[in-house]
Amino acid sequence: MVRETGVSYYGVAYPDRAIYDFRELLDYGCNAVLFGVSEFDYWFWHDNTLKLIEEAKLRGFTVYIDLWGWGKVFGGEPPSIFLQKHHDCRQVTAKGVVYPAACFNTEEFRNYVIERVEKLAKESDADYFFWDEPHYAWLKDDWTCRCPTCLKLFKEEYGYEMPKELTKDVIEFRQKKIVEFLKVLSETVKKADSSKKICVCLLPTTEAVVGISDWETIAKIPEVDMVATDPYWIGSGMSREEGLKWFTELGIKIVELGKKYGKETQLWVQAFRIPKNRVDEVVDGILKAGELGVDSIFVWCYRAGQGSILASEDSNYTWRKIAYAFKKVRAKAR
C-alpha cells in the first residue's frame, strides 16, 4: 500500500523561501521530499541545507538526502568538486580513456564520501539517505574501470591481469566493488544514527556495463531498507504502450524483490522534459505504481523542471497533473 508520494527538490538554498514551496507540495499531495544535495551544496550551503531539512521535517515530510551527482558515480547533473581536485582518481576505460567519473575503489574517493555522509547523518534530521543510480561510467563500445587501483585489486583477488574484455570475472569484480562501496556508505549512516534508513535507486537495467547486473546483491545488503528504480520511458524514446509495459515489469520486479528480502519499495516516474502531448503518461505511471503496491512513489522533479535544462514543454500543466495523480493515489491508500 502506497504510504508516501514525493518529489525531488533542489536549487533553493534559503529556508524562509523554501517554506512557500513546502506549502505547495502539501497542497499538491506530497508527504515526502528528496533533497538533491550536490557536492557544491554540501560545501557552500551546508548550514542552510540542514535548515531546509529541518523546515521540511517540521511540516511533516519524510525527508531523503540524495548525493546528487557526487563523483559522477551517482545520478545527476551537478559537476563534482572531487573530480576537479583529484584527476588521478578518475575511472579509466578499457581503451585507456581517462573518464570524468571517480573510481569507487580509490581510497581518496571513499574517504571523501564517507566523511561527508557521516557528518550529514549526525547533523541532519533526514529520514533516508538515497544512493542514486550507482554506476560505472560507460561509453559506446567501451567500459570502466581499469585504473591502477582496479588493476591492482583485480590481480590480488583473481591472480591474473584484468582483461580488456567484460569477462565473467570482470563483471563479478565490478559488481562486488559497487556492493562493497554501498555497504560501507550504508554502514556509515547506521553507525552515525541507527534510526536513519537507506534507499538504493537502481538504474532500470541489468546490463553488465553499468555494474549491477544482479539486483539481489543490493537487496541482500543488511543495511539497505528500501529498493527503488526509475524506468523513465519517455526519456528513453519508448511509446506509451511500450513504456508502460516496461515500467510495469520493472515495478513488479521491485515489489517482488522487496517481498523476498523484507525491504520497502519505491518507484520513480519521469516528470522532466515531458512533451505536452505526453503529460497523461506521467499520470498513468503514477497510478500504475499505486496499483503495483509499492510503498513510495516519487517524481523527478519539482514543478516538472520549470526554468531548468530539464524543463517540460508545459511545466505548470504537467505539475498540476502530477498533483491530481498524487491525490488520487493517496485517496485510494486511505
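In the predicted model, the buried residues of helix 3 pack against helix 1, strand 2 (32-37), helix 2 (39-44), strand 3 (62-67) and helix 5 (107-123). These buried positions are H46, N48, T49, L50, L52, I53 and A56. Helix 3 itself comprises 13 residues, 46-58, and extends 19 Å from its first C-alpha to its last, close to the 18 Å expected at 1.5 Å a residue. Just after helix 3, G60 adopts a positive phi of about 90°.

The C-alpha atoms of R17 and L52 are 9.7 Å apart, although 35 residues separate the two in sequence. R17 has a relative accessible area of 56% and is therefore exposed, the cut-off being over 50%.

Helix 10 (residues 279-292) packs with helix 11 (residues 315-333) and also with helix 9. The length of helix 10 agrees with expectation, because its 14 residues should span 20 Å at 1.5 Å a residue and its end C-alpha atoms are 21 Å apart. Buried positions in helix 10 are V279, E281, V282, V283, G285, I286, L287, A289 and L292. Their packing partners are helix 9 (240-261), strand 11 (264-270), strand 12 (296-300) and helix 11. Helix 10 is followed by G293, which has a positive phi near 85°.

Two packed helices are described by the angle between their axes and the distance between the axes. For helix 10 and helix 11, the angle is about 20° and the axes are 9 Å apart. The two helices are therefore roughly parallel to each other, as the angle falls under 35 degrees. The crossing of helix 10 with helix 11 is right-handed. On the helix 10 side, the contact involves V279, D280, V282, V283, I286 and L287. On the helix 11 side, the contact involves Y317, T318, K321, I322, Y324, A325, F326, K328 and V329. By residue class, this contact of helix 10 with helix 11 consists of 11 nonpolar residues, one polar and three charged.

For helix 9 and helix 10, the packing angle is about 25° and the axes are 10 Å apart. Helix 9 and helix 10 are therefore also roughly parallel to each other, and their crossing is right-handed. Helix 9 contributes R240, L244, F247, T248, G251, I252 and V255 to the contact, and helix 10 contributes E281, D284, G285, K288, A289 and L292. The residues of this contact of helix 9 with helix 10 divide into six nonpolar, three polar and four charged.

Strand 11, one of the elements against which the buried residues of helix 10 pack, includes E264. This glutamate has a relative accessibility of 14% and therefore counts as buried, the cut-off being under 20%. With residues up to four places away in sequence set aside, E264 touches R3, Y128, K197, D225, M226, V227 and D295. E264 and V224 are 40 residues apart in sequence, and their C-alpha atoms are 9.3 Å apart in space.

Most residues other than glycine have a negative phi, and most peptide bonds are trans. Cis peptide bonds are found from T144 to C145, with omega near 15°, and between W300 and C301, with omega about 20°. C145 is situated in the loop between strand 8 (142-143) and helix 6 (148-158), whereas C301 lies in the loop between strand 12 and helix 11.

Positive phi values in residues other than glycine occur at K72, where phi is near 60°, and at D141, where phi is also near 60°. K72 belongs to the loop between strand 3 and helix 4 (81-85). Its relative accessibility is 23%, so K72 counts as partly exposed. D141 is placed in the loop between strand 7 (138-139) and strand 8. At 62% relative accessibility, D141 counts as exposed.

Key
Residues numbered from 1 in each chain as written. Predicted model: local features only at pLDDT ≥ 70, side-chain atom pairs only at ≥ 80, totals over all residues. Heavy atoms only, no water. Buried < 20%, exposed > 50% of the residue type's maximum accessible area, 1.4 Å probe, protein only. Axes fitted to C-alpha atoms, helices over the stretch in contact; angles between N-to-C directions. Helix = DSSP H or I, 4+ residues; strand = E, 2+ residues; numbered from the N terminus. Parallel < 35°, antiparallel > 145°, perpendicular 65-115°, else oblique. Left-handed = near helix turned anticlockwise from the far one by under 90°. Contact = heavy atoms within 4.5 Å. Nonpolar A, V, L, I, M, F, W, Y, C, P; charged D, E, K, R; others polar. Expected span 1.5 Å × (residues − 1).
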